Amino acid sequence: MMHHILVVDDEEPIADILRFQLEKAGYRVTVAEDGEVAVQLIENQAQAIELVLLDLMLPKKDGFEVCKEVRQFSNIPIIMLTARDAELDKVLGLELGADDYVTKPFSARELLARVKANLRRQISVQDDGDVSRKEQLSFNGLMIDPKTMQVFRDGIEIVLTHREFELLLYMARHPGVVYSREQLLQDVWGYDYLGDERTVDVTVRRLREKLEQDPSNPVFILTRRGAGYLFRRT
């Protein structure tokens with residue numbers, strides 16, 4: 001099946017390069033030149049577009065605003081395109097719900113590796129044939145349904161991004177095990193991740209804000225100082 005990728009970039013030479021590399025690798029590509037068009041395309045083609053490559057500097061709506069709006073109705077994987085020295089941009093993008101980022105200038109090999117990995121991880125969660133993976137997990141009022149990719153706290157659904165759900169599911173299936181940030185990058189992000197370990201910290205912080213009644217005193221995802229994170233046994 002040919003995967004459909006949306007490239008959002010107003011610089012025509014860059015968009016053309018991205019289209020060429022992705023189509024050469026066998027992907028179907030649609031290009032949006034501004035943020036408003038990007039949001040409309042994702043909303044109107046929610047079942048067709050499977051991944052978004054999103055530049056930050058865009059007319060009408062910048063990449064941050066696009067990411068924020070899309071996360072209100074979709075958990076589609078979003079890879080942000082950022083400047084190499086823009087560390088704050090990377091963190092803010094992750095805070096708003098981006099799944100990954102690629103720094104400019106980037107090689108075709110790195111870009112395609114990120115795209116392939118994010119698509120692969122999405123499929124593995126949505127269409128896993130292992131029956132045990134589809135069993136619901138329940139912990140002190142928290143229910144995780146791997147089959148539908150839904151999470152409920154005391155019966156109320158909590159909307160998570162693709163990456164947040166993956167991280168929560170992975171840790172909940174191994175309660176009491178302490179994982180280092182490096183381990184989580186390898187096991188959850190699913191490949192030789194080239195970013196830094198703050199990516200894990202940002203994703204954990206977002207999960208706590210959504211799951212915990214008091215994020216500063218978490219019940220579910222705990223920190224082991226100097227070691228990493230664990231999902232508490234109940």
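## Helix α4 and its buried face

Buried means under 20% relative accessible area. By that cut-off, K90, G93 and L94 are buried in helix α4, which spans residues 87–95. This is a predicted model. Viewed down the axis of α4, the buried residues fall within an arc of 95°, so they line one face of the helix.

Several elements cover these buried residues of α4. Among them are α3 (63–70), β4 (78–83), β5 (100–104) and α8. After α4 comes G97. The phi of G97 is positive, near 115°.

## Helix α2

Helix α2 covers residues 35–44. Its buried residues are G35, A38, V39, L41 and I42. Around the axis they cover an arc of only 165°, which puts them on the same side of α2.

## The largest cavity

A search of the whole structure finds 2 cavities of 30 Å³ or more. The largest has a volume of about 60 Å³. Its lining consists of L94, G97, A98, D99, T161, R163, E164, W189, T199, T203 and R206. L94 is one of the buried residues of α4, and G97 is the residue with positive phi that follows this helix.

Which helices each supply at least two residues of the lining? They are α6 (162–172) and α8 (198–211). Helix α8 gives the most, with 3 residues. By class, the lining has 3 nonpolar, 4 polar and 4 charged residues.

R163 is one of the lining residues. Its place is in helix α6. Is R163 buried or exposed? R163 is buried, because its relative accessible area is 2%, and the cut-off for buried is under 20%. T203, another lining residue, lies 40 residues from R163 along the chain. Their C-alpha atoms are separated by 7.8 Å.

## Two nonpolar cores

In soluble globular proteins, nonpolar side chains tend to be buried together. Here, the largest nonpolar core has 28 residues. Those with the most contacts inside this core are I144, L168, L184, I221 and F231. Elements that each supply at least two residues of the core are β6 (137–139), β7 (142–145), α6, α7 (181–188), α8 and β11 (228–231). The largest share, 7 residues, comes from α6. A second, separate core has 23 residues. This second core includes V8, I42, L54 and V202. I42 is also one of the buried residues of α2.

Now take L184, from the largest core. Which residues does L184 contact, leaving aside its neighbours within four places in sequence? They are L167, Y170, M171, Y179, W189, V200 and Y229. W189 is also in the lining of the largest cavity.

A117 is found in helix α5, which runs over residues 108–126. A117 is buried, because its relative accessible area is 1%, and the cut-off is under 20%. Along the chain, A117 and W189 are 72 residues apart. Their C-alpha atoms are separated by 7.8 Å.

Note on methods
Residues numbered from 1 in each chain as written. Predicted model: local features only at pLDDT ≥ 70, side-chain atom pairs only at ≥ 80, totals over all residues. Heavy atoms only, no water. 1 Å grid on protein atoms, 1.4 Å probe; cavity = no way out; pocket = protein on both sides within 12 Å on 5 of 7 lines; lining within 4 Å. Points joined across faces, edges and corners; volume = space filled by probe spheres on them. Helix = DSSP H or I, 4+ residues; strand = E, 2+ residues; numbered from the N terminus. Nonpolar A, V, L, I, M, F, W, Y, C, P; charged D, E, K, R; others polar. Core = buried A, V, L, I, M, F, W, Y, C linked by side-chain atoms within 4.5 Å. Buried < 20%, exposed > 50% of the residue type's maximum accessible area, 1.4 Å probe, protein only. Contact = heavy atoms within 4.5 Å. Arc of directions from axis to C-beta.
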